[in-house]
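Subject: Structure handover

Dear colleague,

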Amino acid sequence: MLNGKIDLRSDTITQPDAAMREAMASAIVGDDVLGDDPTVQELERRTAELLGKEAAVFVPSGTMANQLAIRSLTRPGDAILLDANAHIHCYEAGAPAALAGVQESLLDGRRGQFTTAQLEAALPPRDDHFAPPSLVCIENTHNRGGGSVWPLGKIESVVAAARRNGLALHLDGARLWNASAASGVSEPEYAGHFDTVSVCFSKGLGAPVGSALAGSADMIAKARFYRKQQGGAMRQVGILAAAAAHALEHNRDRLADDHANCRALANGLAKLPGLDIDAESAETNLLFIGTGESDAAALAKRLDESGIRLLATGPHTLRAVTNLTVKAGEIAEVIKAFEQLT
Ligand SMILES: Cc1ncc(COP(=O)(O)O)c(C=O)c1O
């Protein structure tokens with residue numbers, strides 16, 4: 001419950017609780033641009049450790065983490081290969097073209113996951129007519145794929161093909177914590193296959209702000225330069241790093257609750273006529289709900305009036321994201337409201 005409503009619009013709507021606010025208030029801070037902020041440095045060290053990488057850099061957003069990776073791993077004029085529904089392509093304001101000067105080559109994956117064959121078929125011949133491909137991006141879990149988790153074997157196969165072709169690899173792990181919680185594959189097991197990995201503290205983990213990019217020390221030094229150039233270097237930012245560190249420490253284990261709530265929601269809604277739901281698709285905390293004949297925006301408005309907030313993501317599609325403001329007992333209320341309104 002948030003502000004008197006069950007808020008399923010996103011896992012980014014959470015607010016810092018008293019303990020997180022206390023951690024922020026008591027954080028020791030310094031000018032991070034001058035290398036003086038021990039709280040940021042500790043968060044970066046801990047993040048790199050959790051991902052099994054040499055180094056990490058704290059950034060304001062997942063978008064910046066992804067874009068620093070693309071700039072660090074490519075040259076202007078290169079091509080990058082990614083799923084057509086990738087966050088990097090759909091929701092990052094054209095940044096790969098605007099900031100890195102690269103061309104996107106889009107793969108038609110299923111629930112955000114493409115195959116080795118699709119990747120290889122999209123690689124152009126070595127010929128001066130074509131933008132040279134240099135990077136493959138994978139998103140795990142996949143947002144528009146309905147929170148789908150890439151099976152490790154599928155990642156290994158795509159990574160092997162990418163490496164055979166001399167391509168670098170970036171993992172958009174905004175919800176990598178969810179992927180690990182759902183699959184039991186640890187974060188470093190996933191991260192070990194990639195040159196760079198972005199992670200977010202401000203989604204399921206519940207911090208108000210912040211993401212990180214992890215990789216080799218050389219790669220992260222490059223990313224730090226681009227962070228400065230793009231205006232993302234911040235001063236006494238330990239206040240935010242303290243919230244992120246608190247979230248990492250206290251809110252990772254409870255992601256399984258969000259997943260169980262999402263599954264319960266999917267199972268309950270799948271029984272209602274008039275809705276189109278694949279209950280099996282509820283792998284993590286994200287569920288797309290087909291509204292059949294009903295207009296999704298109108299249905300979202302009526303649900304909002306009865307105290308339940310969801311996002312209309314298409315004319316006949318709603319999105320629900322379970323998050324730490326939603327308790328298990330509230331899922332039955334959501335199902336009941338759908339039952340009454342559909
Ligand atoms: C998969 C994925 N990557 C990156 C981002 C970008 O994060 P931010 O909103 O912090 O820029 C999001 C945001 O929802 C996301 O879902």
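Predicted model: local features only at pLDDT ≥ 70, side-chain atom pairs only at ≥ 80, totals over all residues.

I begin with the helices. Two packed helices are described by the angle between their axes and by the distance between those axes. For helix α1, residues 18-25, and helix α11, residues 238-251, the angle is about 140° and the axes lie 8 Å apart. Since angles over 145 degrees count as roughly antiparallel and those from 65 to 115 as roughly perpendicular, this value makes α1 oblique to α11. The crossing of these two helices, α1 and α11, is right-handed. On the α1 side the residues in contact are A19, M20, A23 and M24, and they meet I239, L240, A242, A243, H246, A247 and N251 of α11. Sorted by class, the residues of this contact between α1 and α11 are nine nonpolar and two polar, with no charged residue.

The second pair is helix α3, residues 62-73, with helix α10, residues 217-229, which pack at an angle of about 115° with their axes 9 Å apart. Here too the crossing, that of α3 past α10, is right-handed. From α3, the residues M64, L68, R71, S72 and L73 meet M219, K222, A223, Y226, R227 and Q229 in α10. The contact of α3 with α10 holds six nonpolar, two polar and three charged residues.

I turn now to the spaces in the model. The largest pocket contains about 250 Å³ of space. It is lined by 13 residues, of which P124, P125, R126, P132 and P133 are the closest to its centre. Within the lining of the largest pocket, eight residues are nonpolar, one is polar and four are charged.

As for cavities, the structure has one of 30 Å³ or more, and the largest cavity holds about 50 Å³ of space. Its lining is made up of L82, D83, A86, I88, G112, F114, C137, I138, E139, H142, W150 and D172. The elements that contribute two or more residues to this lining are β3 (79-83) and β5 (133-139), and β5 gives the most, with three residues. By class, the lining of the largest cavity comprises seven nonpolar, two polar and three charged residues.

With best wishes

Notes. Residues numbered from 1 in each chain as written. Heavy atoms only, no water. Axes fitted to C-alpha atoms, helices over the stretch in contact; angles between N-to-C directions. Helix = DSSP H or I, 4+ residues; strand = E, 2+ residues; numbered from the N terminus. Parallel < 35°, antiparallel > 145°, perpendicular 65-115°, else oblique. Left-handed = near helix turned anticlockwise from the far one by under 90°. Contact = heavy atoms within 4.5 Å. Nonpolar A, V, L, I, M, F, W, Y, C, P; charged D, E, K, R; others polar. 1 Å grid on protein atoms, 1.4 Å probe; cavity = no way out; pocket = protein on both sides within 12 Å on 5 of 7 lines; lining within 4 Å. Points joined across faces, edges and corners; volume = space filled by probe spheres on them.
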